[in-house]
Amino acid sequence: MTALGIALLTLGAIVIIVETHVPSLGMLGGPGVVALAAGSVLAVSGLGGGLLLGVITALVLTISATVALGLVLRRGVAVRGRRIKTGAEGLIGRTGVVRTWSDTAGRVQVDGALWRAHHSWLDESDEELHEGDHVVVERLTGLTLAVRKAEEWEQVR
């Protein structure tokens, strides 16, 4: 009985630690808290501590593990809601400046880098882009940006 309790305590602690590093949003941590509670009751009662002491120990471990798991989950949910700031996905919505343009394609400078670009199919206006115009990145395909002309309120001065 004591060995099973210690095994459950160890397993519960390991699963809760894994929860802090794997974004499972509580799918691992919940069973880990249950394993801690059951393991503490089994270990304490197996060592001759009595059922009441086992239940009190289980409540203390359950409350502390639940609070720790709640903090981890709150941080995980907050991180998932953030806007992507780097990489290809981070370019979408950024503004840039046209450096060269001819017909439907050209070069655009976004965040200090020069990119190949073409008109976005979402751009309903058929306005010709000229050097110095401000554009907004709509999407990225490979190393080519799809851009549209920036509206007045979107232009960075």
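Accessible areas come from the Shrake-Rupley method with a 1.4 Å probe, and for residues only the protein chains shown count as cover. On this basis the accessible surface of the chain comes to about 9900 Å², of which 65% belongs to carbon and sulfur atoms. The model is predicted: local features need pLDDT of at least 70, side-chain atom pairs count only at pLDDT 80 or more, and totals for chains, interfaces and linings use all residues. Residues are numbered from 1 along each chain as its sequence is written, and side-chain values use heavy atoms, with hydrogens and water left out.

**Overall architecture**

- The chain contains four helices and five strands, where helices (H or I, at least four residues) and strands (E, at least two) are DSSP runs numbered from the N terminus.
- In sequence order these elements follow the pattern α-α-α-α-β-β-β-β-β.
- The chain is more spread out than a compact globule, because its radius of gyration of 28 Å is well over the 15 Å that the globule rule gives for 157 residues. The radius is taken over C-alpha atoms, and the rule is 2.2 Å times the number of residues to the power 0.38.
- The C-alpha trace spans about 85 × 30 × 25 Å along its principal axes.
- Among contacts (heavy atoms within 4.5 Å) between residues at least 6 apart in sequence, 48% join residues at least 24 apart.

**Helix H2 and Ser40**

- The 18 residues of H2 should span 26 Å at 1.5 Å a residue, and its end C-alpha atoms lie 25 Å apart, which agrees. The expected span is 1.5 Å times one less than the number of residues.
- Buried residues of H2 include Gly29, Gly32, Val33, Leu36 and Val44; the buried residues of this helix pack against helix H1 (2-21) and H3.
- Ser40 lies in H2 (residues 29-46) and is buried, with a relative accessible area of 1%.
- Beyond its neighbours within four places in sequence, Ser40 is in contact with Leu9, Gly54, Thr57, Ala58 and Leu61.
- Gly48, which follows H2, has a positive phi near 90 degrees.

**Nonpolar patch**

- Leu51, Val55, Leu59, Ile63, Val67 and Leu71 make a nonpolar surface patch of about 570 Å²; of these, Leu59 lies in helix H3 (residues 51-80).
- Patches are made of residues with over 30% relative accessible area and no salt bridge, like charges being joined within 9 Å and nonpolar side chains (Val, Leu, Ile, Met, Phe, Trp, Tyr) within 5 Å. A salt bridge is a side-chain nitrogen of Lys or Arg within 4 Å of a carboxyl oxygen of Asp or Glu.

Note on methods. Buried means under 20% relative accessible area, exposed over 50%, partly exposed in between (1.4 Å probe, protein chains only).
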